[in-house]
Amino acid sequence: MSMNDDQSVFTITRQFALPRAVVWEAWSEARQLEQWWGPKGCSIDIRCFEFRPGGFFHYAMNFEGAPTMWGRFNYREIVAQERIVWLNSFSNERCGIARAPFSESCPLEIRNFVTFAGHAEHTTVTLRAEPFGEVDAEREYFEALRPSLEQGYGGTFDRLDAFLLQG
Amino acid sequence: MRSDELSRAFAALADPTRRAIVARLAAGEATVSELAEPFDMTQPSISKHLKVLEQAGLISRGRAAQTRPCRLEAARLRDIAQWVDVYRNLWEERFERLDAFLQSTRPPAGKGKKNVHE
């Protein structure tokens with residue numbers, strides 16, 4: 001799963017006057033992430049934070065005088081201080097996926113790619129994003145399946161080889 | 001626009017050739033052969049790209065003329081632009097908060113932050 005510059009419809013870049021390790025921590029540590037992630041005027045309560053591929057970050061978004069909304073990340077790829085790939089969506093209380101409470105046309109999931117680059121003094125954070133649709137989900141399912149299929153066939157051929165060599 | 005239509009449109013635009021075709025059609029209708037010329041591609045391969053764009057609702061093709069000229073479907077492109085705008089605002093705000101948070105946890109280094117918006 002990768003995405004290069006020519007492919008992204010949405011890209012935003014920002015430079016922070018801090019070392020990469022410091023900026024990285026703001027994304028990889030729950031106590032820091034909750035302080036800035038939430039939309040404007042919202043405080044975040046973390047229900048679960050599993051910072052590893054396949055793990056979830058599940059959070060409640062509390063707006064004053066409004067019902068609680070839920071959000072979740074499903075982490076796909078994590079390379080320390082380099083990149084994070086995750087699917088972001090609205091959620092329910094049980095960390096299930098949910099439609100945006102305010103819109104039918106809001107993408108169900110958005111795939112985000114964030115990269116971190118830079119030296120001692122500055123860190124450049126680049127975020128690319130795209131709606132993640134059913135077609136993508138299917139493709140990814142088959143991509144994920146492929147290694148086990150290959151392994152399955154590989155194993156069969158190994159046994160076949162062994163059998164033929166015996167003869 | 002439904003969310004799966006939005007993601008189909010994004011997928012269609014993920015290809016540089018298709019983006020260039022869309023940019024060309026922004027200047028007005030064109031036939032397949034007119035489109036094929038600047039891209040140095042054969043008509044069948046351009047047709048394949050057009051099919052993807054058409055299925056994503058980004059272009060439509062005339063039925064009347066033999067040449068079936070292609071034209072842009074502005075409404076679908078507007079939907080995409082709108083989504084990008086909303087998402088950009090969201091991330092600009094979010095990066096502001098991240099910057100403020102990072103500054104608040106660090107002793108002042110005496111250096112201003114820099115913004116790079118593309």
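**Chains A and B: a working chat**

Biologist: How many C-beta neighbours does Arg68(B) have inside 10 Å?

Modeller: Arg68(B) has 13, so it counts as partly exposed. The cut-offs: buried takes 20 or more other C-beta atoms within 10 Å of the residue's own, exposed takes 12 or fewer, and partly exposed is in between, with C-beta atoms placed from the backbone.

Biologist: What kind of model is this, and how are residues and chains labelled?

Modeller: It is a predicted model, where local features need pLDDT of at least 70, side-chain atom pairs count only at pLDDT 80 or more, and totals for chains, interfaces and linings use all residues. Residues are numbered from 1 along each chain as its sequence is written, while chains are lettered from A and ligands numbered from 1 in the order in which they are written.

Biologist: Back to Arg68(B). Where is it, and what is its phi near?

Modeller: Arg68(B) sits in the loop between β1 (59-61) and β2 (70-72) of chain B. Its phi is near 45°, which is positive in a residue other than glycine.

Biologist: What about the phi of Cys95(A)?

Modeller: Near 70°, again a positive value in a residue other than glycine. Cys95(A) lies in the loop between β5 (83-91) and β6 (97-98) of chain A. With 17 C-beta neighbours inside 10 Å, Cys95(A) is partly exposed.

Biologist: Zoom out. How many helices and strands does chain B have?

Modeller: Chain B has 5 helices and 2 strands. From the N terminus the order is α-α-α-α-β-β-α. Of its 118 residues, 25% are buried.

Biologist: Which residues have the most contacts inside the largest nonpolar core?

Modeller: Val23(A), Ala9(B), Ala12(B), Leu53(B) and Ile59(B), in a core of 47 residues. Such a core is a set of buried Ala, Val, Leu, Ile, Met, Phe, Trp, Tyr and Cys residues joined through C-beta atoms within 7 Å.

Biologist: What is Ala9(B) in contact with?

Modeller: Beyond its neighbours within four places in sequence, Ala9(B) contacts Ala56(B), Gly57(B), Leu58(B), Arg76(B) and Ile80(B).

Biologist: Helix packing next. At what angle do α3 and α4 of chain B pack?

Modeller: Helix α3 (residues 32-39) and helix α4 (residues 43-55) of chain B pack at about 110°, axes 9 Å apart. That makes α3(B) roughly perpendicular to α4(B). The contact has 6 nonpolar, 3 polar and no charged residues. Axes are lines fitted to C-alpha atoms, for helices over the stretch in contact, and angles run from 0 to 180 degrees between N-to-C directions. Under 35 degrees is roughly parallel, over 145 roughly antiparallel, 65 to 115 roughly perpendicular, and the rest oblique. Ala, Val, Leu, Ile, Met, Phe, Trp, Tyr, Cys and Pro are nonpolar, Asp, Glu, Lys and Arg charged, and the others, Gly among them, polar.

Biologist: At roughly what angle does α2(B) cross α4(B)?

Modeller: Helix α2 (residues 16-25) of chain B crosses α4(B) at roughly 75°, with the axes coming within 10 Å. So α2(B) is roughly perpendicular to α4(B). Thr17(B), Arg18(B), Ile21(B) and Val22(B) in α2(B) meet His49(B), Val52(B) and Leu53(B) in α4(B). By class that is 4 nonpolar, 2 polar and 1 charged.

Biologist: Over to chain A. In what sense do β2 and β3 pair?

Modeller: Antiparallel, over 7 bridges, between β2 (residues 42-49) and β3 (residues 56-63) of chain A. Pairing needs at least two DSSP bridges between the strands. Ser43(A) has Asn62(A) as its bridge partner in β3(A). The hairpin has 6 residues between the strands, and Gly54(A) takes a positive phi near 90° there.

Biologist: What does Phe10(A) touch?

Modeller: Leaving out residues up to four places away in sequence, Phe10(A) touches Arg128(A), Ala129(A), Glu130(A), Val84(B) and Tyr87(B). Phe10(A) is in strand β1 (residues 10-16) of chain A. It is partly exposed, with 19 other C-beta atoms within 10 Å.

Notes
Helices (H or I, at least four residues) and strands (E, at least two) are DSSP runs, numbered from the N terminus. Two residues are in contact if their C-beta atoms, placed from the backbone, lie within 7 Å.
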